[in-house]
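Visitor: Could you take me through a few local features, one at a time, and show how each conclusion is reached?

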Amino acid sequence: MSRRRTRIPLDRRTISGLACLALLTLGGVWWRATSIVNRLLRGWAVGVVAQQSAGVYQLDPIGVHVNWFLRRVVVDSFRLTTDRGVNARQPHSLADVRIGLSHCIISGVHVLTLVRGAGLIAASMGCAMGSVAVEVPRRAWGGTPPPVLAPTPRTGNRAGFLVLQQGLRLPSYAPRVQITQITFPALAFDFRLPLGRSGETRLELERLQWHMVDLVIDPADTSAASHPLFSRRIELVANSFVAHPDSTTAVHVGMLRASLTDSTLEARGIGAELGPSLGSRHDVIKLSVGHTMALGIDFGAFASGLGARARRLVVDSLGIDLTSDKRRPKHPGRRPHSTPQQWIADLDLTLGLDSVVVRNGEVVYRELAAGRTRPGVMTFADIQATAVNVIHRIDRWAGSDTMSLAITGRLQHVAPLDVRFAIPLDAPQFDMSFRGTLGAMPATALNPFVEEVYPLRIADGRVTGISFGAGVSAGVARGRITPRFTDLSVSVMRRGSGGILGGGGIVGGAARGIASMVANWQVRGNNPGSPPKPPLSGRIHYAFRSDQTLPAFLWASVAGGLLQVVKQ
């Protein structure tokens with residue numbers, strides 16, 4: 001015998017009541033969720049931006065729309081601007097920032113979590129288009145830089161980036177914000193950095209991609225607070241663009257990637273060409289870099305005008321091709337060249353690099369002499385270089401920090417070259433020291449340069465080695481050079497050779513000294529002259545001239561001592 005289920009009849013009034021209750025509940029959920037989102041975006045976000053920047057930055061979200069059936073929040077645009085008047089009154093100005101983001105969508109919102117006051121949890125956020133403009137403030141000349149956070153084991157070199165995150169608190173109605181992925185696929189980017197007292201360098205990108213993963217703002221999650229912008233991973237990527245750091249330079253970049261989380265900046269396929277400009281140079285410089293990466297870089301300090309800081313800069317496959325045209329007359333208004341101390345001081349930028357490493361480099365110097373159609377070529381191949389303690393402080397003028405630079409390579413692909421420098425970058429005058437050695441090579445290996453620049457050629461001989469060392473004090477180099485060679489001889493092709501120290505030039509090598517003087521002087525064939533006797537040494541004594549580049553000064557410094565030995 002089966003039992004029948006008892007059915008409770010529902011009249012229309014009950015059904016209507018339940019429907020109204022459901023609608024009221026849904027409406028309440030809709031209203032509360034919408035209220036929280038509006039308060040979070042229009043109230044809390046606007047207020048915290050103003051508070052954390054002391055009123056310098058102003059955020060304006062325009063057109064907030066919600067669709068809880070699709071679990072989506074749409075914002076027509078976000079605008080962040082800089083109040084320049086307020087910024088000018090700050091003890092230390094912040095960067096002038098202008099951000100515009102259009103058609104922004106927050107998707108996959110956990111509506112019930114939002115309604116019960118547990119926070120804003122969403123799967124993704126993105127904006128279809130946007131623009132970012134950053135102008136780093138120019139430091140008042142003679143002023144002091146603003147204080148910065150000291151790196152800690154947790155923050156590392158990102159300490160400067162975390163300044164604006166200090167003391168950030170969420171409202172009680174949304175105690176946690178978590179967005180799994182944030183993407184801005186098409187940002188127009190404009191970054192301006194002051195150089196010196198009036199100069200400026202600028203990076204403009206038509207399309208920059210910005211990716212953020214796992215943004216978490218939660219007082220209970222202390223690890224998230226140590227991440228830049230509270231995100232586990234932040235990457236900015238730009239592909240195939242041309243930058244113009246100044247009016248005469250174009251830099252082609254195949255790929256640029258910045259990771260704020262890993263504190264790295266990576267670039268591939270860099271090519272640049274600096275052409276001759278009226279009154280400044282007769283040189284054309286081509287620069288190429290296969291790959292470069294800065295490790296431990298402090299992006300926040302850089303964007304705030306606190307200087308460039310990194311643990312390590314690695315440059316791989318560096319190529320420099322320099323062509324100097326001596327056929328053009330000198331310009332009377334040519335700008336003077338700077339010493340290392342003057343050049344870095346003119347940047348007006350605090351600089352801190354623990355080390356700089358160059359791998360697999362090559363420098364090719366080409367010189368077009370008067371009346372010639374083909375250049376003389378001097379090549380420094382297989383260059384490996386390491387610089388340590390590259391430090392400059394704009395608020396200090398003292399020589400306490402000394403940069404050490406070690407360079408090895410092969411002259412004309414043959415002779416091993418090893419040069420060491422010690423340069424106090426913050427010294428008040430031109431001070432440095434250098435020492436080095438050049439290994440064995442046939443002297444005729446210098447003919448690709450000598451024959452095209454001078455009216456002679458090296459007929460025979462072998463360089464068995466050259467050692468040199470000098471100190472530079474107040475721009476005057478003093479030291480010794482000892483060349484060792486055998487069976488050296490030259491043949492004059494035609495008259496008209498100029499003096500070795502008259503023409504300048506970036507890099508000439510030992511061939512320039514030999515070639516310039518043989519038309520009038522007799523060459524010593526061997527040094528040492530006989531085995532029992534020690535080799536002759538020449539004295540280095542030369543003063544820097546403002547019309548010389550640093551490599552030209554270094555060559556001229558050793559050339560005088562070299563001629564004392566080679567000339568008989």
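Cysteines, a loop and strand pairing

Guide: Cys 104 is buried, with a relative accessible area of 1%, and this is a predicted model.

Visitor: Which residue forms a disulfide with Cys 104?

Guide: A disulfide requires two cysteine sulfur atoms within 2.5 Å, and here the sulfur atoms of the pair are 2.0 Å apart. The pair links distant parts of the chain, 23 residues apart, with Cys 104 in strand 3 (residues 96-107) and its partner in strand 4 (residues 120-135). The partner is buried as well, with a relative accessible area of 3%, and the residue is Cys 127.

Visitor: Is the disulfide of Cys 104 and Cys 127 right-handed or left-handed?

Guide: The handedness follows from the torsion about the S-S bond of Cys 104 and Cys 127. That torsion is about 110°, so the disulfide is right-handed.

Visitor: Is Pro 219 buried or exposed?

Guide: Pro 219 lies in the loop between strand 6 (199-217) and helix 4 (222-225), and its C-alpha is 7.4 Å from that of Arg 169, although the two are 50 residues apart in sequence. The relative accessible area of Pro 219 is 56%; since exposed means over 50%, Pro 219 is exposed.

Visitor: Which residue in strand 12 stands opposite Leu 313?

Guide: Strand 11 (residues 308-325) pairs with strand 10 (residues 283-295) in the antiparallel sense over 12 bridges, and there Lys 286 stands opposite Asp 321. With strand 12 (residues 351-368), strand 11 pairs in the parallel sense over 15 bridges. In strand 12, the residue opposite Leu 313 is Val 356.

Key
Residues numbered from 1 in each chain as written. Predicted model: local features only at pLDDT ≥ 70, side-chain atom pairs only at ≥ 80, totals over all residues. Heavy atoms only, no water. Helix = DSSP H or I, 4+ residues; strand = E, 2+ residues; numbered from the N terminus. Buried < 20%, exposed > 50% of the residue type's maximum accessible area, 1.4 Å probe, protein only. Pairing = 2+ DSSP bridges.
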